[in-house]
Structure formats: C-alpha cells, structure tokens
Amino acid sequence: MRPSRREFVKWVTASGIALSLSRLGAAEPSGFPARANLPGRGNFNPAANGAGRIDGVAKVTGAKLYTSDFRAADLPGWPSATSHAILVRAPDATHVYLGMDLARLDGATKPSVVVTAENLAKIGTRVPEFYTGDLFCPVGKTPLYMGQPVALLIFEQFDAFDAARLALRDGTFVKFGEETGPVAVDNYTSLRFTRVAGPTPDSADVYSPVQAGWVSPGRIQNTALPVWSSFAKETQAPYGKAAVYGEQIRAELDPKNPSLLMLDRTFETQSVDPVFLEPECGLGWYNKKNEGLELVLGVQSPYEAAESIAFLLGQARAPFKPARINTQFTYLGGAFGGRDHTPFVLYVALAAMFFPGKPVRLAHDRYQQFQGGIKRHAIKMHSRIGVDRATGKILAFAADHVLDGGGLANYSPTVATVAAAASIGIYDVPKVDVTTVAVHTRGVTAGSMRGYGTLQTMTALEVLIDEAAAALPLNPIEFRRRNALKQNGRTMMGNRYIVSVRTPEILDKLEMHPIWRQRAEEKARLQHSGVLVGTGVACVGKDYGSGGDCSLGRVELGADGKISIHGDHVEMGNGVGTALANRVALHLGGVADEVSVSRIDSYDALGLVTSGDSYAMDQKTQDALEKNPRWVPAISAPTSASIGAHVGTHASAEAAKVIFRYGLWPAALELWRIPSSDIRAKDFAKASWKDGQLTLPGLPPLALPVLAAAAHARNLVTGAIAHGFSRWAWSRARFRFGGEQFRGEIDALAVRRGGGKFDRLDRVSVLFPPTNNNRIGTSYTSMCGTLVRVEIERKTGALRIAKAYSVFECGQPLVPEVVRGQAQGGFAMGVGYALLEHLPPYEGGPGNGQWNLGQYLVARGSDLPLRDLEIEMLPPLTPDEPPKGMAEVVMIPVVPAILNAIFDATGRRFQSLPVTPAMLKGAIA
Amino acid sequence: MRTETRFKILVSAAALALSGLTGYAASQTPEHTLASPDSFASISDTEARSAAIFTELGKVLTHPRCTNCHPAGDRPRQTDASRLHQPPVTRGADGHGSETMRCSICHGNATFEPGRMPGHPEWHLAPREMAWEGKTIAEICAQISDPARNGGRKVEDLIHHIGEDTLVGWAWHPGFGRSPAPGTQKEAGALVEAWVKTGAACRAK
Amino acid sequence: MTRLAITINGRALPPTEVRDDLSMNDFLREVLGMTGTKFGCGAAQCLSCAIIVDNPDGSSYTSPTCVVPAASFDGKAIRTVEGHAKNGELSALQKAFIAHFAFQCGYCTAGFLNEAQVLLERLAKTPVARAQLEQSIADALDGHICRCTGYIKYHEAVRDVILADPKRYLA
C-alpha cells in the first residue's frame, strides 16, 4: 500500500503537548480509490455534472471510509496488529459499585490490561470541564448514571476479546452492594426567558432577554428544582426583574377572563436514541519511540475532540503524557448530533496510552451504543397560552420546561436554552415567560440530537395551537397566519431575524394543497369501513447555527483548471463535500475534483490563535484581543445545527471569491485586452459562468483552464485560505491587495500566487459580531410545514400514513437532491419519533445494556408513505440568497402534524410521545 | 387460577428476572418447575386427575418459548415479553418464511450464542391451526387432542412430540436472554404420558 | 474449530481454520479486512451486514453475517459489495444509487446493494407484472434499516434500473 501525503500543522497547547492533525490518508489496495481526497485526480467525479455526490463511488464500492473500517494494518507507519478493548459500564446507578468479577476472565479470556479509576488517579488525568464527572466510577461509590464506565479491559488478541465479551454480556460482571438510591447532583442549568413587547411593532421592547441578559434564579430548593418565584428571599436582580414581569404575564393568563381563550396543558416527550448505523469506534496507538499518540476518530467536533484529549493527558505523569497527539478524522456512518462532544473519544485515548506500543481498537456494539451513546432529552412541558377570542391573536404564552439531562451535563444547558427559545415557534407573541431547568438523573446522558430541544417544544406548541384553533374556533391555517411573526418582528429573545422569514408562503402552500382541501371528503369516504381518517397540519421554523460557528476553507486552482478544496466540516451523510464543490463552482466555474473534508489541518498559513470562550466573552476583552491580526474568537467548531451549507461552505466560498477577484478576473482582463483604466475593469460582478466559461456581454467566453493557465503564468492569485466566525452574523475584515482593499465576510486570509506557497495577509481591520449577540436565541431561521393524512384501523389501532406533504425553504440549495433526501430522511425520523421510538428512563431503559434494534423500533420502509410523500422546496427568495440550514427543520412539523391528524381522526388529543397502536386502540374503544 | 393470569405471571416473572435491573441472572421459582405425575395421585377421580395433569403441562404450553412460535397470526413473536418478531417476518407459504426471508437464513442449525440467535434445523412456525396464543388451557387441550388441528396425530404421538422432539426441546435450552420452559423436556414428556394414560381428559373450560 | 472453505466474489479462499463461535461478520471484517460489509446492530435487525449467498442451483439469497457463524459458510459461495464492480466498471445498481443520490452516510448501502442485486436476479428468472413492481421492491428491501434517507431514493433507484430493462425484469 502506498502512503499518501499527510500534512501536519503543529501548535502547542497550554499543557505543552504539540497537537497535529491530519486527514486520514491511507490508500487502498489496488482497485479502490484513494481516500485522502475524494474523488481524487483522474477518478470519476459524480458531482462534476450534478450527477451524484463526490463520495458516491467510494460509498457504493465498500471502500474504507469510516473509522470502524480501519485497522492498524491499514495505516501507514503503524504496527500491523490491532488489539481490542472493552469499555465496561455499570448497568446500575442506585447501589454501591464494588468492583468487577475479574476471576471469570481467566486463561484465554484474561485481559492484558485493566484500567480503572484508580489507575487514572495515579497517573493524574484531568476531565475536561464539558465532561465533568468520573470517567470511571471508583470502587465504593454509587455510579453517577446507568452506563457509567467502570473500566477498560484491553485484550492483545481478538479471540480473547471475542470470548470475553460473551462472558460480560449479562451484566453480572459488574458487582454491586448496598442500595443507596441515585446520586444527587445539582441541575445543569436553570434559566428564565421573559419578554414584554412595546406598544407598537416598531417600539422597543419593555423587557427582553436581549436587553437584560439571560437570567437564572438564585435559589435552589432541596429537590434540585429552582425557586422560580420572584418573592423568594434573597432573589436579586437581574433575575428578580424578569420574574416580576413573568409572574405578571402568568397572572394575566386567567382562565376566568371571558374574552380570553386560555389553555393549560402538559406535554411530555420521550428519550430516544439517534441510532446512527455505525456504532462509535476509535483506534489509538501510542508510539513510545517518539512519544506520539496517534488516533483515528469519527466525530462531528474534531477540533474539540483533539483539544479535549490533550487536556485529559495534559498533566499526566510520565509515561502517560504524550509529547504530541496526531488525530486523523474519517467519514461518519451517520451522527445526527450523537457524535458531537461525545466522551467516547477520551476512552480511545486512554486505551492507547495504557497499552503503549500497540494499536488498540475500542468499538461499541449496538447494546453498548444504546447503553453509552448520547440521547435526545425527554422534556416535560407545562404550557399556557392566552388567545384573544375576538381577534384570534395570541396575547401571552407561559411555559415551564423540565429536561431530563441524564448522567452528565454535556450539552444540556444549551439544549434547554434553544428549546426554550423555540417554544413560541413561528408566532409573534407580545408577552412570553418561559422557565427551563435541565436536571441530572441517573439515566443515560442526553445531549445534541437533530432538533436540539426544538423538536420537543415545537411539537408541544403545534399541538396546542391546533387545540386553540379548534376551541376558538378558527381555521387552523388562518389562525397560524394571523399570528405568524413578520419579517421584522421580534423573537421572544427580543431580536429580529437577519434572513428571510417566509411563513406566509409556507402557510399558503399548505392551505392550497389537496391533502388539506380534501380532508373532509376523505374522512367521509372511509367512514363505514372500519377505518378512521384524519388530516393534520403543522408549521415550524428552526434556527440554524450555534452562535459560535467557524468555517475554514482552502481552495486551490491548478494551472490546468482543476480545483481542489479542503474544508473543516464533517461528512456524516449531509453531503458537505459535494456542497463545497458546488458552492465554489459558483465562483470558479468548475466543480472540484478533489474535495477533502474533516480537515482541521491545511490552514497553517493563517497562523490563527484563539483564547477565551466566545460565548461568554465581554466586549472589552474581545476589542482588546482582536488587535492581534491573527486572533479569532474560535478556530473550528462542530458540524451540527444544520450548518453544513450555511457555515461549512462559507470560508471556501470566500476563498473562491478571492481567487476569482485577484486571480481569474485580472487574467480575464488580460486575455480580453481590457486595460485597468477601462471602466469595464471593475465589472467583475457582471461576469458570469456558463458551462465552464466566463462570459461578459460583448466579449468572447473564456474557458476555466485557459484562465487558470494565464493566472499561473502571470503569478496572480491561484489559491486562498480563509477563516470565518459567526456569532449570529459573520465577522468581516479588510485585506490589502496592492492599491485596493478587499472586504470579505471572513477574519483571516492567506493567498498563493502562481505556483508559490501560501502567504498570510494580515487583516487591516476587522468587525467581529458584538459579544452582546450571545443574548440572541438565533438570528437565522428556515421554515417548514407538513400535512399528514392518517388512516387508523378501528379494530387494532394500527395507523398508516396515507399521504404527506412537506414544504420548506432553505435559500439557495447547494445540492438539491441532497436537500430532498434530507427532507425524506427527516420525515422518516419524525415518524419514528411520533409513533415508534421509546426508551424507558432508568431501570428497564438502555442503561441496563440489554437494548437493541429489536426492542427499539425505528421507521422501516413499510412504516412510511414511500410513494405518497411529496416534498416541495421553495426557490430562493432572491437569486443571491445564501444557503440556509434545513436538515433539522424538515424533521419537526411531521410529528405534531401526525398528532393533529390523530385528533382529527379519533377526537383524542394525545399529550405524550410516542403514540402507539395500543394507545390508539384504547382511545377509539 | 386462570391460564391467562398464570401466563401473565409467568411472563412478568420472567421479564422481571431478565430485565437486567441490577444484572441478576434469572432465578428459579416454583413457577419454573414441573410437578411429577405422581404428585397428582391424590386426585381420585381419573378424569379430574387427567385434566389436572394437563393443566400442569399447560405451564409449558403457555410459556413464551412455545406460544412465540404458535402465534395466532402469521408473524412469530420473540423474547419473554412475547413482542412481535423483529425484524418483521411472516409465515410464508410453508411456515418457513417468505421467499426473501426464510427462517433458516438467520436461524441456523443450532443456537449461535455470540449472536444470541436461536437455532434448530427445523426452525419454523407451527401451522395456523396449531395457534395457542391467547387460548385457555381448556381450549388448547381440546385443540391438541383434535387430529384435525394437531397435524393428524393421535394423542399418543404427542408423547414423542413434546417429550422428545428436538425443536420442541430447544425450549428448555433457549440460550442467553430467554427463560427456559418450566421443568425439563423429560418431565414434560412424563406429564404427557400420564395424561394420555389417564384418558387424555380436558377441562370443560 | 472448523476448516472453512469459501468462495468470495468468485475467488476461492485457501481453507482457513475458524473458531466455531467466530461470527461471519468478524471473519470478513477482522480476519479478511473486508470492511465493505458493515456492522450495525449484531442482532439481524438492520442488515447492514448482509451479503449474497449463491446456491449451486443458480438461485441466490441475502444473509446477515452478524448472527451466523463463519463456519456455517463452509463450502458456500458468497458475494460482497467489494465484488459488484467488474474491472472498475460499476454495476447498474451502483450507478443508479449514485445518480439518484440514494444514500447519505452510506453505511447501509452495501446491504441495500446486495439485496437489490438479488432482487434483480430473481426478477430476471421470474418477472413480475409492472403493477407489482413497487411492492416487490418494498418487500425485498423492508428488512434493511436506513436512518438517513427515508428509503425513497433507494426504492426509486432500484425501480429505475428495472424500468430501464423491462423486457428482462417485467412480465
């Protein structure tokens, strides 16, 4: 096997460990394309004419792509044998952990190494703050949560590992003693979001989170739930002020007020598993000779994974502190949020360090993935809505959310926040008061999962809205229309969206669709046949972006016109590689034939430095730090939050613009013999690409290879590396090019001229988004509406989705067929969430290590209307509307639409998920 | 005690034991044993004694290991909770699965422990007329005695079928995660034999 | 231990001693390094691990590899995803999957390819009426779980391969 080139970037972390990161560059045995860059020079590129994805050939030929495909023998420079580790987890969290029955692993099944809490304490590992909690439960303590690891067992030979895992599967290997009950831990976050709008749409808010900041109550009761009351002793500003407004809003939601329709409802959602098909996996090798820790991982947050591992080992005693850590990142077999900030990577690193010199593989089977993988939060939502009967306008909304965060904090604080911020969905509500608390429990850890809390709150909301419409009564779509937030309305945080708000178009589409218009006749048609028919509608908007997004991109144009792109975002099915190629093609006229994703190296030339926490920084600090032209608020961030198109392709798009402006355009001017004094020399915005040729009215078209050759020959810009940061708006900076300045939505830039090397251009000035933006819930949104027709068999309660329609908008779709596929997949995941998927909390739940896909049901083809699902994508509002995120929004409205259809069919409004055939049968009886 | 109630207790006892609450292995309870034919000697009326023996045998017949493959419909059930078989599979024309999903594709000649996959060379569904799911002991007794519904067997043939057939025998050695049928196959066979010898009587209901 | 003699993608492997409790999935992935066949659940629920088994009579079927011992494949001929393309030329199904954007993360794709390939070969022997086509495809593929795509594009890709050659596949 020939090794391919690997690039390293080195930086030294605070702990003195040099971090280098590179792309997994193992070449395949002959017959398979190289993995380093897909599709690779000279190889069939399906994306070239929009005929497929850039990773298409690799994925249909079974090429090695995913972390779980690789063994040590596949990796250049590694010893060839792979050893295997088991992460032993506690299936109980209410009894004292006494240790393991290691005696049963003897002879052929004896592990070579056992790593426990005691070992970690001896060597001095540190747990990164995000993952606070014992990495292994120490003997004598009650586990913090079901599934908490207690040890790593490392087996030199696969056969020993294979036999051992059989001996461990019944859960009795881990021994327990006296019953203590669950461990009590403080809640992960508690926040109150209160807004009181001003008298007119244009006046300032009376009070809002954006104005006043986010507030937490100061007092916690013994039950680990906060004291929300404003009159509790010791309650100080700023919480007290929010609470006063909040209490007032709740007082006005008076059921005795005849002019007000007031609904008070509690909705509960269940814990679910992302069930990405590739269980978590990692490879590690500690090379004693050069004190280098080599890792192969597949995560959504590669930069964070590398930094967390460096922190873990940063102060470890010799020989457990590596001098350098080199991490290679692969494609993912699905993720949906479950591979964003997963503690799994820490255990891969530990396995390698405790078995020095020998490559170790740590992989979950599906039982272990259910036991230890990140889950979606179960949320209990108590909501009250007040609607003016005369006008049908929503006057006020109050809610109390309790999220089950499970055993570790992970992303609970932000999930709770984002969920709260979405609790009024697409609506304009002048008075809102939402409290939220994410509690620790002994259940499995909940974190990021597609929808990020908004799936839960907007499902509850759209069911409530439907009930309100029926109670008024008012046509459900008209009710939504009357209350929809307008383009320059304020969200419940108090800010305005900075992208298009297209709710009216979505609602119109829903109202005109045959599924909606024919609902009465369809219901009547099957009335006497033992089948109940119902139609449901829902409309939601989902934010995209995290308020701390980063984009790194490197684009290079060869003298032959071939384009290669490196990006830092991760391919997990989202098609980000193809999106990169397509977006760059808009500026450079050709689709790249080499795209490398998950690259967090490759941008060395920028010399980026960072410090502080971009989410928590104050303005003064940021103003001081930004004076260093190489400082950025964050370098690289997870691929999540529907940002693949909007963020993942951003820096590469800006880099491509630079190449065009300072490389291809001057080359074109020369070839067209247009002198710089000519007025047309500034007309770069008027030029356009057609079939790989640059055209300007009145001039002969110029093919990309010709332009590229000229740019190289004349030492113009032929490559660019850029970095962008977004805190609900992109950073902007100016860079000097000769006599003029280039303004881009980036904060760092390096360029290459001709065939030379990349040189950094220090920014002349920069405008980072203000730190106050951290108070914004979101500034970006995309809308999706869904109609569903269900047929329920009276006798059995069996539900069939007869027809469905989803309509959404996402700005410019970079790869339309990938977008459509996401919408179809999101629909399927929504069906599973509404009707099939359920994990009991605690005992009996997946923390017991006995759950698999036979017990946990996800949607199969037979559960879906495969030929009756219509997906409509609205065209961009304007030709230059940038791409928006849509991968989450397309999953959300299908859930409440199904529930609303069930109500229409049965007269029963369910307030919890999932709704199973047994429950339906009971409702009909 | 009504069969359904006993069945439910059996199922819930087994489910409780195997839910992995604290990882304790399934434990033996009186429900999991079979009384010997001798222990019915005190019932002087032969017919009543015969019916009582069959009721004891009913502990086996109504156990999930048996009812899962004697389903009322065309889809087997699985596990001690008797949930519908996942992945979705169906009886097919011959009880050995559909054209694309034959039982034997997954269920090999023997239980494969690493895959927790039960196996036997004859793995298949009992014919529809032999469905016991949801039936009372009396109904099963009548059904199992009826040559039209028991595959043309004489009751004497049932001694071999229940006491010695190896596919039926799997029920007592089902592998990890599944509770075995009560008693042993030999004990079950002895009960069948005793029942036959006392006239193969069935309870009225 | 069993002496396993098996033919994979037309090549007879030299007989190998395998433990009786070694799963076929581990044999392919750990022993042979043929990781095109995936591991998804280990419980025959998702069929990411499914391969094609070719009977001597010319018929074929798909089999999971995660719940069956490698030893049980002694004397058998199997096809894996790595064997679909011939001399660098992708099969009709592979091309259709790409052109239809049928997969997203791609982890379940090998299983779907194997299943669809067996379906094509079965239809070529026993064609179905056009009106039955969608149901035949749905029945064949329903055992395969995909978490990303919602299945529609997979079904359309298989359907279009069949419709491109109706004389061969349809009655």
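This report covers confidence, one histidine and several aromatic contacts in a predicted model.

## Basis and confidence

Local features need pLDDT of at least 70, side-chain atom pairs count only at pLDDT 80 or more, and totals for chains, interfaces and linings use all residues. Side-chain values use heavy atoms, without hydrogens and water.

Over residues 1-29 of chain B the pLDDT is below 50. Where pLDDT is low, the predicted coordinates should not be read in detail.

## A:His723

With 0% relative accessibility, A:His723 is buried (under 20% relative accessible area, 1.4 Å probe, protein chains only).

The side chain of A:His723 makes a polar contact of 2.6 Å with that of A:Asp747; such a contact is a pair of N or O atoms within 3.5 Å, one able to donate a hydrogen and the other to accept it.

## Aromatic pairs

Aromatic rings of Phe, Tyr and Trp (its six-membered ring) pair if their centres lie within 6.5 Å; planes under 30 degrees apart count as stacked, over 60 as edge-to-face and the rest as tilted. The whole structure has 28 aromatic pairs over all chains. A:Trp631 and A:Phe768 are edge-to-face, at 5.7 Å centre to centre and 90° between the planes. Both A:Trp631 and A:Phe768 are buried.

The B:Phe54 and B:Trp195 pair is tilted, because the planes are at 50°, with ring centres 4.9 Å apart.

Conventions. Residues numbered from 1 in each chain as written. Chains lettered and ligands numbered in written order. Buried < 20%, exposed > 50% of the residue type's maximum accessible area, 1.4 Å probe, protein only. pLDDT = per-residue confidence, 0-100. Contact = heavy atoms within 4.5 Å.
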